[in-house]
Amino acid sequence: MRAIHMPSELVSGVAEMDRQHDQLFNQIVQVKCAFLEVEDDHDGLALLSRFAEDLIAHFAWEEEIARIQGVLFEEGHIKAHRQMTAFIRLKVAEVSRGVCNIPALMVFMERCFETHVVQYDLKFGHDLRAGPGEIPCTNS
Ligand SMILES: [Fe+2]
Ligand SMILES: [Fe+2]
């Protein structure tokens, strides 16, 4: 079994959401390590791009599961997803031009993501658990 990277206080109790969050925290660690360990930034950029794609896909999953389950998705939560999406896209572009300090970026991303989970996702997870349906697990 692979290591758990998500702080335990961020567990929502919705298995699929927790799996995705843990995977994203794991990816943040991988990107940090890749840029700290190697001179050639190629692998790190690929990992960062993959993290950005998976983060954006995760946001879409939350919004879609809310729609499917008939659970209210707060305006502020959607706005936070849009802001983080714009931010990470901008940073991937900066990194590919070589104008960004990646380890510092990933420390910041980790903090932003933790704050996001506490501010929005834990309540959303609670609402999902209180809703009528089972939350399906995806296979990735
Ligand atoms: Fe989330
Ligand atoms: Fe969210």
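M106 touches I28, V31 and K32, leaving aside residues up to four places away in sequence; touching here means that the C-beta atoms, placed from the backbone, lie within 7 Å. This is a predicted model, where local features need pLDDT of at least 70, side-chain atom pairs count only at pLDDT 80 or more, and totals for chains, interfaces and linings use all residues. Residues are numbered from 1 along each chain as its sequence is written, while chains are lettered from A and ligands numbered from 1 in the order in which they are written.

So where does M106 sit? M106 is found in helix 4. M106 is buried, with 24 other C-beta atoms within 10 Å (buried takes 20 or more, exposed 12 or fewer, partly exposed lies in between).

Now for the helix pairs. Two packed helices are described by the angle between their axes and the distance between the axes.

| Pair | Angle | Axis distance |
|---|---|---|
| Helix 1 (residues 15-37) and helix 4 | about 170° | 9 Å |
| Helix 3 (residues 75-96) and helix 4 (residues 102-130) | about 165° | 11 Å |

Helix 1 and helix 4 are therefore roughly antiparallel, and helix 3 and helix 4 are roughly antiparallel too; that label goes to angles over 145 degrees, on a scale from 0 to 180.

Technical notes:
Helix = DSSP H or I, 4+ residues; strand = E, 2+ residues; numbered from the N terminus. Parallel < 35°, antiparallel > 145°, perpendicular 65-115°, else oblique. Contact = placed C-beta atoms within 7 Å.
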